[in-house]
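Biologist: I'd like to learn how to read a model like this one, feature by feature. Can you walk me through it?

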Amino acid sequence: MTSMFRAPRAQDLVTDEDVKTWVLAAMDATMPALLKECREVLLFAMQEHKKVLAEQTVIMRRTLEEQSAQMIRTLEVQGRTVSRLIAFGGLSGICSALWKDLEGDRKAQYSLAVGYGLGVFVIILWV
C-alpha cells in the first residue's frame, strides 16, 4: 500500500509576514546587546585615540623645544659672526688708512701690523 501522503511545502506553512515578524523580534531582542557592545568598542577606541594624541603631543612639544634651542644657538653663532665681520671690517679700514699715512716709516708700519694682528686676536676671543 502506497500512501500518497504529501508533506506541505514550507511556503505554505511560513509566510513572508511570519519571516518579517521573526526578524523584527530577533532584532528587538538583540538590539540592546548590540548597542551596548558598539558603545563599548567606540569608548575603547576613543580612549586609545586619546592616549595616542597625548603621546604625540608630548613628542611634538619636545621636538619643538629642541628645534627652538637649536635655532637660538644658530642665531647666536650668526650674530657673533656678523659682529666679527663688522669688527674686522672696521679694523681693516682703520689699519688700511693708517698704513697709507705711515708709508715710508717701516717701523711704524710693522708696529701697525702687530697691532692689527693683536686686534684680530682680540676680536676672535672677545666677540
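Biologist: Let's start with E76. Which helix is it in?

Modeller: E76 sits in helix α2, and keep in mind that we're looking at a predicted model.

Biologist: Is E76 buried, partly exposed or exposed?

Modeller: You read that from relative accessible area: under 20% is buried and over 50% is exposed. E76 comes out at 45%, so it's partly exposed.

Biologist: Now α2 and α3. At what angle do their axes cross?

Modeller: The axes come within 10 Å and cross at roughly 175°. Angles over 145 degrees count as roughly antiparallel, so that's how α2 and α3 run relative to each other.

Biologist: Which residues make the contact?

Modeller: From α2, the list includes R84, A87, F88 and L91, as well as C95 and W99. On the α3 side you'll find Q109, L112, Y116 and I123, among others. Sorted by class, this α2–α3 contact has 12 nonpolar, 3 polar and 1 charged residues.

Biologist: Could you zoom in on one of them? What does I123 touch?

Modeller: For this, skip residues up to four places away in sequence. What remains for I123 is R84, A87, F88 and L91.

Biologist: And which residues make up the largest nonpolar core?

Modeller: A core here is a set of buried nonpolar residues joined through side-chain atoms within 4.5 Å. The largest has 5 residues: L91, C95, L112, I123 and V127. Both α2 and α3 give two or more residues to this core.

Biologist: Last one, the cysteines. How many disulfides are there?

Modeller: The test is a pair of cysteine sulfur atoms within 2.5 Å, and by that rule the count is 0. You've already met C95 as one of the core residues.

Technical notes: Residues are numbered from 1 along each chain as its sequence is written. This is a predicted model: local features need pLDDT of at least 70, side-chain atom pairs count only at pLDDT 80 or more; totals for chains, interfaces and linings use all residues. Side-chain values use heavy atoms; hydrogens and water are left out. Axes are lines fitted to C-alpha atoms, for helices over the stretch in contact, and angles run from 0 to 180 degrees between N-to-C directions. Helices (H or I, at least four residues) and strands (E, at least two) are DSSP runs, numbered from the N terminus. Angles under 35 degrees count as roughly parallel, over 145 as roughly antiparallel, 65 to 115 as roughly perpendicular and the rest as oblique. Contact means heavy atoms within 4.5 Å. Ala, Val, Leu, Ile, Met, Phe, Trp, Tyr, Cys and Pro count as nonpolar, Asp, Glu, Lys and Arg as charged, and the others, Gly among them, as polar. Buried means under 20% relative accessible area, exposed over 50%, partly exposed in between (1.4 Å probe, protein chains only).
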